[in-house]
Amino acid sequence: MEDETNFYRQLPKVELHAHLNGSVSAETIDKLIARKPHLNIQHSMTAIRSGQRRTLDECFQVFKVIHQLVNTEEDILMVAKDVIKEFADDGVKYLELRSTPREEPKSGLTKKGYVETIIGAIQQCKEEGVDIEVRFLVAVDRRNGPEVAMETVKLAENFMLSSDGVVLGLDLSGDPTVGHGRDLLPALQKAKSCGLKLALHLSEVSSQAEESELLLNLPPDRIGHGTFLHPEAGGTDSLVEKVRKNNIPLELCLTSNVKGQTVPSYDKHHFLYWYKLGHPCVICTDDKGVFCTDLSQEYQLAASTFDLSREAMWDLSHKAIGCTFAPQSVKQRLEQRWAELKPLVLQTPVP
Ligand SMILES: CNc1ncnc2c1ncn2[C@@H]1O[C@H](COP(=O)(O)O)[C@@H](O)[C@H]1O
Ligand SMILES: [Zn+2]
């Protein structure tokens with residue numbers, strides 16, 4: 001067991017679906033609570049521990065609490081640097097972090113300042129020699145409607161042009177039971193046409209088939225969750241066909257879906273459906289802080305649940321490189337890292 005844990009920690013990994021404020025560790029939450037004791041926030045309000053389940057709705061309450069704790073540039077800088085270093089410590093070599101720009105009139109925080117601070121944290125980690133490549137996706141919270149979505153796309157476009165390749169795309173997230181993707185189509189189309197890559201949460205709950213049908217026509221560059229796309233889960237052949245025809249990778253987050261109760265148990269996770277089809281699947285954490293997990297643990301859970309060998313798990317982490325939004329030069333660098341590490345991690349003799 002110990003040996004398995006070490007293997008998955010050492011396995012070089014790619015994390016493509018991580019919400020910044022959902023990824024805050026218990027240690028960082030402690031530091032934030034110490035900065036804001038008057039809020040009277042306890043750990044039980046910011047994380048869902050092992051064995052606990054919550055409705056998706058309750059998960060979204062947790063983000064509200066964390067947002068109260070993270071509301072100045074100083075907080076965002078600390079949180080982003082801590083999260084990046086924790087992913088690096090966990091063996092993640094390439095990370096696409098995503099976050100929703102927020103403004104806080106009380107602390108003078110603007111949406112532009114919010115994104116600049118995260119880019120600054122990424123730069124500082126690089127200067128400090130943290131062994132990880134980090135890129136950023138600007139998130140649209142669907143709850144905020146079409147105008148805010150369009151503003152966010154403009155902000156993301158500006159940063160894509162000025163951030164030296166750090167900002168690569170746009171995420172669509174937020175409570176899936178609120179609003180309809182139809183209203184956000186113009187913003188998403190604009191994002192796509194200006195060259196932002198699209199990572200969209202799709203069919204995270206069962207009532208979204210019509211919306212997914214519409215958004216898949218864009219088509220997005222990656223899909224978050226896609227829990228209810230396939231017929232066995234109440235989706236349709238037509239949805240599956242669209243995903244397969246465009247070969248759109250899925251970002252799959254096992255613990256998030258089990259703790260948020262959109263999937264009844266690990267062994268019922270839709271990972272198996274797509275994996276058996278040979279469709280590109282990338283194992284991700286979603287919110288490692290809120291769901292008390294890390295990427296090594298998610299890999300290990302997938303392997304033990306679906307009885308996959310170390311070689312199969314190596315292939316999964318390796319194929320994830322091709323699903324990143326990074327340019328070819330970065331992908332080549334990662335390919336090289338993986339090739340160097342393979343004999344060390346898998347302990348296969350060098351030919
Ligand atoms: C559990 N499944 C999920 N489904 C949809 N959206 C989610 C999510 N988990 C997180 N978020 C999105 O990420 C925000 C928190 O990080 P940031 O403040 O953006 O860094 C949440 O408010 C929500 O919009
Ligand atoms: Zn997510």
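Figure 1. The model is predicted, with local features requiring pLDDT of at least 70 and side-chain atom pairs pLDDT 80 or more, while totals for chains, interfaces and linings use all residues. Residues are numbered from 1 along each chain as its sequence is written, chains are lettered from A and ligands numbered from 1 in the order in which they are written, and side-chain values use heavy atoms, without hydrogens and water. Helices (H or I, at least four residues) and strands (E, at least two) are DSSP runs numbered from the N terminus.

**Figure 2. Helix 4 crosses helix 5 in a right-handed sense.** Right-handed means that the near helix is turned clockwise from the far one by less than a right angle. On the helix 4 side, the contact (heavy atoms within 4.5 Å) involves Glu73, Ile76, Leu77, Ala80, Lys81, Ile84 and Lys85. Their partners in helix 5 are Gly113, Tyr114, Thr117, Ile118, Gly120, Ala121, Ile122, Gln124 and Cys125. By class, the residues of this contact are nine nonpolar, four polar and three charged. Nonpolar covers Ala, Val, Leu, Ile, Met, Phe, Trp, Tyr, Cys and Pro; charged covers Asp, Glu, Lys and Arg; the others, Gly among them, are polar.

**Figure 3. The largest pocket has a volume of about 260 Å³.** Ile122, Lys126, Val134, Arg135 and Val166 are the closest to its centre among the 13 lining residues. Helix 5 gives the largest share of this lining, four residues, and strand 3 (133-141) supplies at least two. The lining of the largest pocket has six nonpolar, three polar and four charged residues. On a 1 Å grid over the protein atoms alone, a pocket is an open set of points with protein on both sides within 12 Å along at least five of seven lines, a cavity is a set where a 1.4 Å probe fits but cannot get out, and lining residues have an atom within 4 Å of a point. Points are joined across faces, edges and corners, and a volume is the space filled by probe spheres set on them.

**Figure 4. The largest cavity has a volume of about 370 Å³.** The lining consists of 27 residues, of which His19, Phe60, Phe63, Ser173 and Gly174 are the closest to the centre. Helix 3 (56-69), strand 2 (92-99) and strand 3 each supply at least two lining residues, and the largest share, six residues, comes from helix 3. The lining of the largest cavity divides into eight nonpolar, 11 polar and eight charged residues.

**Figure 5. The second largest cavity has a volume of about 50 Å³.** Its lining is made up of Arg142, Leu172, Ser173, Gly174, Pro176, His201, Leu202, Glu204 and Gln208. Strand 4 (167-173) and strand 5 (197-202) each supply at least two of the lining residues.

**Figure 6. Leu218 and Pro219 are joined by a cis peptide bond.** Omega is about -20°. Pro219 sits in the loop between helix 8 (209-215) and strand 6 (222-225).
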